[in-house]
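Take a look at the model below. We start with a pocket, then move to a hairpin and the chain as a whole.

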Amino acid sequence: MTSAKQDVIRDRIEAELVDPLATLGLDVEAVEITPAGKRRVLRVAVDKDGGVTLDDVADATRAVSGVLDDSDVMGEHPYTLEVTSRGADRPLTLPRHWRRNVDRLVKVTLADGDELTGRITATGEDAATVTVDDVDRQVAYADVARARVQVELNRKGGTP
């Protein structure tokens, strides 16, 4: 399957999943289709404020499966469906990603090449406040080339 055709299928699947998952309070974060021998693996990543539980993943799996059963988008070829949470390694690309990670440590690469590592202390629609070495810094989302949550073994406040 060509990459362009796969992109069209992925975009169509995502469009068909947005409303059913929104009724469950979930956002579609990513849809990926990868070959796996004679099958394909369809991965759907979901997220919501407060984090995703196993029950949320189970509900989302049933909803996604129902949408796919009622649609011809995956065609006749066999596939395996995986529904998962967004994961800590996903980049922060939307204001909601920043909002959902308040109090987390992030590494940010700005468009001008500067890098900073600090804790998200506040967010808005256009920018976030990141505290770097006890100094608050406004980071406009438009100025961010890349941002990722950093895994902390000894998280702020002593909580894991």
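## The largest pocket

In this predicted model, 15 residues line the largest pocket. Those nearest its centre are D47, G51, R86, R100 and N101. The pocket's volume is about 290 Å³.

What kinds of residues make up the lining of the largest pocket? Six are charged, five are polar and four are nonpolar.

Strand β1 covers residues 27-36, and strand β2 covers residues 39-47. The two strands run antiparallel and are joined by nine bridges. Look across the pair: E32 stands opposite R43 in β2.

How many residues lie between the strands of this hairpin? There are two. In the hairpin, G37 takes a positive phi near 70°.

## The whole chain

The protein chain contains eight strands and three helices. Read from the N terminus, the order is α-β-β-α-β-α-β-β-β-β-β. The C-alpha trace spans about 55 × 35 × 30 Å along its principal axes.

## Surface and contacts

The protein chain has 160 residues, and 34% of them count as buried. Its accessible surface comes to about 9500 Å². Carbon and sulfur atoms account for 48% of that surface.

Now consider contacts between residues at least 6 apart in sequence. Of these, 51% join residues at least 24 apart.

How values were computed: Residues numbered from 1 in each chain as written. Predicted model: local features only at pLDDT ≥ 70, side-chain atom pairs only at ≥ 80, totals over all residues. Heavy atoms only, no water. 1 Å grid on protein atoms, 1.4 Å probe; cavity = no way out; pocket = protein on both sides within 12 Å on 5 of 7 lines; lining within 4 Å. Points joined across faces, edges and corners; volume = space filled by probe spheres on them. Nonpolar A, V, L, I, M, F, W, Y, C, P; charged D, E, K, R; others polar. Pairing = 2+ DSSP bridges. Helix = DSSP H or I, 4+ residues; strand = E, 2+ residues; numbered from the N terminus. Buried < 20%, exposed > 50% of the residue type's maximum accessible area, 1.4 Å probe, protein only. Contact = heavy atoms within 4.5 Å. Areas by Shrake-Rupley, 256 points an atom, 1.4 Å probe, with all protein chains shown as cover.
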